[in-house]
Amino acid sequence: MKTKELIITFLCAFLVAWVIQHFIVDRWFGVTQVTQVAPQECKLLNKEVEFVDVIDVKQPERTVITLPWGSATFTTDGATIDELSFKQLVDDSKVVLNTITPVESLVKERRNFLVALQSLTPWYYELVSQADAKDHVEIVYQAHNTQCSIRKLFRIYKDRYVIDMDLFISPRADHTIEPRIVFNAPHMAQGREKGSGQTTDTISVLVDSMGSFKKIGVASLGAEQCWQTPSLIGADSRYFVHALVKDEKHFVSRGYFNAETNGTVTVILEGRVIKQDTGWTLSFYCGPKELNSMAAVDARLDQTLEYSGILAPISKLLIKLLKLLYALLGNYGLAIILLTILVKLLLLPFTFKSEASMRQQAEVQKKLAYLQQRYKDDPEKLNLERTELIRKHGMPGLAGCLPLLLQLPLFIALSRVLYSSIELYKAPMLWIPDLSAADPYYILPIGVTIAMLLQAATVDAKQRLSVIAMALVFGALTVNFASGLALYIFVSTLLTVIQTSALRYFNIAK
């Protein structure tokens, strides 16, 4: 029996370690879980841009468009978006987050929503008009060269994170034009916080082609990999998404990415070759990874969330409950504490059953020890009595894993919510300035370690050493966790200690 108990304990410990490594640690150290995708056979990808006028002789004209959710700054340099900002409400104060920032003059080819040609791409555009409608703002640019004229109309919506681009190209004489649209992955310079354990600009790329959605880590992206006529393509970071979501007139013949060594990822949408006047309308989602905001634009964007997958229903319920508690309490730290208490209350019936089962198994262990002593000289009788006892009361050692197995789905779902929810960015609580970053004073990791050491006093003496070892390991891992998740672990562990002690003291579980 001791061998079986050892095997069961080892399997439970292995399961816990695997879950921590696979779902928690890898994400905090930037190891992205990816879908392996075989590269398609493509003609040579065109990632270079040659401009007509490369000398900066004109001062760009910048236009700032103020919106309810932030602002978008356009420039006549390439008729591109120079800056994109979002307002994040944190404890009644607004934090401005930028996902697009001005590009250095030497890297013109990385301008956002640049229209590149196979050669002689125009750089200087003229601002034609700007109009403010009820639900959107329009801004129009145009440029001309010896090959073609280009007209770009942007519509920036006030009530959703959508930017439309109407593109019209008119080739001159017998010229053929092969246009490309270029935009970058969202990059938050504010994400590189000291002690965060993770930058918020970790990038993965997104493709929906032939009805199959793929989210691929940049490290696994092939240099010559491309997708034919993707219906959705873009890139996401921890909190934001930039992606093409609608291409009704089929501009994109293929899409691919340019990933540079400095971590910059550029999305390239390559159009078909044209010889006559042609126009297209493309829609882009450029906004936060908020469930409601993305669902209002394109349901497929839901799959960019860190908590997408089999546990998505649990995660979505938890994030809705967390927001509701925040609305009541006004602080996300307090909301996490109350959410942890509610989760514990939800699991309380299983805890009662588990505690009663563990007591029963303890009695079974005593009876087994008695039988081994009584029939030590009669193996046949011992086996008969042992079989009968197990038939009546079950195999000892299995009950200890029950609470863990019940809490694992909730723990994984909530950990993903707390890690990737933009609502926690810069959200303070007491000494913690940012619940999305690691505890700068290591108070929560120390608290987790102490709480788990206290938990060791509530378990059987045979299991105590493994719980102490786990307390030390878990405390070290929590150093790199987001403070919101570390707070949940600390409160949950402390409640487990109090709950177990109370059940045993008052003899509630029978």
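Reader: Happy to start with the sheet. In what order do the strands of the open sheet lie, and how do they pair?

Author: In this predicted model, an open sheet is built from 4 strands in the order β1-β2-β3-β4, with antiparallel pairing. Its edge strands are β1 (62-67) and β4, each of which pairs on one side only. On average, neighbouring strands of this sheet are turned by 20 degrees against each other, direction ignored.

Reader: How many bridges join β3 to β4?

Author: Strand β3 (residues 80-90) and β4 run antiparallel and are joined by 7 bridges.

Reader: Let's follow the chain past β4. Where does asparagine 112 lie, and is it buried or exposed?

Author: Asparagine 112 sits in the loop between β4 (93-100) and β5 (114-116). Buried means under 20% relative accessible area, so asparagine 112, at 2%, counts as buried. Leaving out residues up to four places away in sequence, asparagine 112 touches Thr80, Ile81, Ile100, Val182, Phe183 and Asn184.

Reader: Which strands does β9 pair with?

Author: Strand β8 (residues 148-157) runs antiparallel to β9, with 9 bridges joining them, and the two form a hairpin with 4 residues between them. Here phenylalanine 154 stands opposite methionine 165 in β9. Then 8 bridges join β9 to strand β18 (residues 278-288), again antiparallel, and valine 162 stands opposite tyrosine 285 in β18. Strand β9 (residues 162-171) is mostly covered, with 8 of its 10 residues buried.

Reader: I also want to check the cysteines. How many disulfides does the structure hold, and are cysteine 148 and cysteine 286 buried or exposed?

Author: There are 0 disulfides in the structure. With the same cut-off of under 20%, cysteine 148 is buried because its relative accessible area is 1%. Cysteine 286 is buried too, at 2%.

Reader: On to helices. What span should helix α4 have, and how far apart are its end C-alpha atoms?

Author: Helix α4 (residues 332-346) has 15 residues, so at 1.5 Å a residue it should span 21 Å; the end C-alpha atoms are 20 Å apart, which agrees.

Reader: Which residue caps its N-terminal end, and which residues of α4 are buried?

Author: The cap is asparagine 331, with a side-chain oxygen 2.8 Å from the backbone nitrogen of glycine 333. As a general idea, an α-helix has 3.6 residues a turn, so residues three or four places apart point the same way. In α4, the buried residues are Tyr332, Gly333, Ala335, Ile336, Leu339, Thr340, Val343 and Lys344.

Definitions and conventions. Residues numbered from 1 in each chain as written. Predicted model: local features only at pLDDT ≥ 70, side-chain atom pairs only at ≥ 80, totals over all residues. Heavy atoms only, no water. Expected span 1.5 Å × (residues − 1). Buried < 20%, exposed > 50% of the residue type's maximum accessible area, 1.4 Å probe, protein only. Polar contact = N/O pair within 3.5 Å; in protein donor to acceptor, adjacent residues only side chain to side chain. Disulfide = S-S within 2.5 Å. Pairing = 2+ DSSP bridges. Contact = heavy atoms within 4.5 Å. Axes fitted to C-alpha atoms, helices over the stretch in contact; angles between N-to-C directions.
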